[in-house]
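Biologist: Please show me the chain. I would like to go through its charged pairs.

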Amino acid sequence: MIALSVLVVALSILSTLGSQLTSRSPSYGCGTGISPAHKDAFEADFAARRTGLAVKNLKHAAATKFIPTYFHVVRSSTELSGGNVPDSQIATQMAVLNAAFVNTSYSFQLVETTRTTNKHWFETASNYDDGIDSQTAMKAALRRGDAKTLNLYSVGFIQGSAAFFDLLGYGTFPFHYNDAPEDDGIVFKYSNLPGGTNEPYNLGANLIHEVGHWMGLYHVFSEGGRGTCDGSSDLVDDTPAQGYPTYGCPERSKTCPGFPGDDSIHNFMDYSTDDCKNNFTPGQVERMAAQMGVYRGI
Ligand SMILES: *[C@@H]1O[C@H](CO)[C@@H](O)[C@H](O)[C@H]1NC(C)=O
Ligand SMILES: [Zn+2]
């Protein structure tokens with residue numbers, strides 16, 4: 001009887017995971033998302049507050065705004081395979097990150113690297129409500145600074161849903177800061193760092209993508225219903241309508257025939273491989289400046 005109920009629970013977990021799997025993208029594990037209702041509410045708030053501020057923020061674009069950055073290495077051991085990434089990989093990641101934001105007025109400055117041995121956090125931290133997720137405890141212990149501070153957590157995604165879905169990373173949006181300051185930041189897989197083992201996502205672009213979310217960007221493809229060709233779903237005018245995420249690095253892709261422009265396969269906010277990604281558009285740069293000004297005060 002006991003064995004049977006365990007089996008039933010196990011089967012129902014499996015079928016839940018299975019149905020999530022079919023509704024999730026097959027091979028790029030970005031876990032950053034927002035429900036349509038939340039998105040509508042936040043975007044209405046943003047539209048009301050950005051008037052004047054975006055212009056002001058852009059006018060001063062020449063002056064570099066430094067974002068203090070804390071890099072929290074969460075490891076299961078002092079081996080590299082336990083997530084103990086060397087300072088050299090972190091330095092390369094910071095350089096790659098700053099190169100990607102060259103057209104913005106923001107620059108990320110590493111103020112401190114912390115190293116914490118905690119096998120449980122390393123293996124289970126995630127933003128899935130799967131009963132073993134430990135990100136709340138991890139962030140409560142390690143997070144530093146305020147809305148203007150970037151907190152990065154490198155972990156393993158070894159157990160639970162994060163491992164099952166092969167998660168690469170996830171971040172929080174600027175407009176979530178007021179509701180959940182303790183949750184703010186980016187959690188990602190340590191082997192994504194430049195020189196890491198997580199090919200083809202080991203050139204540093206996943207962190208750039210997550211920082212894009214942290215600065216207020218959505219994905220370039222339609223999120224609220226794949227294939228819908230809603231060109232304004234990312235609230236940015238110069239990214240063409242794109243029905244589906246891009247995987248790998250095709251020469252060209254057009255998932256919305258009849259709409260102007262090709263898919264943004266080289267944009268940091270698509271799902272293409274790291275070597276394929278190389279730009280933010282001027283519209284995205286403007287949205288980031290406005291989101292940062294309104295919700296992070298910088
Ligand atoms: C910076 O802007 C130039 C000119 O618009 C563009 O060609 C380049 O791709 C941009 N770089 C990035 C990293 O977004
Ligand atoms: Zn994403």
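Predicted model: local features only at pLDDT ≥ 70, side-chain atom pairs only at ≥ 80, totals over all residues.

Biologist: How many salt bridges does the structure hold?
Modeller: A pair counts when a side-chain nitrogen of Lys or Arg is within 4 Å of a carboxyl oxygen of Asp or Glu. On that basis the total is eleven.

Biologist: How far apart in sequence are the parts that Glu286 and Arg50 tie together?
Modeller: The closest N and O atoms of Glu286 and Arg50 are 3.5 Å apart, and the two form a salt bridge. Glu286 lies in helix H9 (residues 282-296) and Arg50 in helix H2 (residues 36-50), so the parts tied together are separated in sequence by 236 residues.

Biologist: Is Arg50 buried, partly exposed or exposed?
Modeller: Buried requires under 20% relative accessible area, and exposed requires over 50%. Arg50 has 24% relative accessibility, so the class is partly exposed.

Biologist: Which residue joins Asp184 and Arg296 in one network?
Modeller: Asp184 and Arg296 form a salt bridge, 2.9 Å from N to O. Asp184 lies in the loop between strands S4 and S5, while Arg296 is in helix H9. Both residues are buried. Salt bridges with shared partners bring in one further residue, Arg143.

Biologist: Is Arg252 buried or exposed?
Modeller: Arg252 forms a salt bridge with Asp262, with the closest N and O atoms 2.6 Å apart. Both lie in the loop between helices H8 and H9. Asp262 is partly exposed, at 30%. Arg252 has 57% relative accessibility, so Arg252 counts as exposed.

Notes:
Residues numbered from 1 in each chain as written. Chains lettered and ligands numbered in written order. Heavy atoms only, no water. Helix = DSSP H or I, 4+ residues; strand = E, 2+ residues; numbered from the N terminus. Buried < 20%, exposed > 50% of the residue type's maximum accessible area, 1.4 Å probe, protein only.
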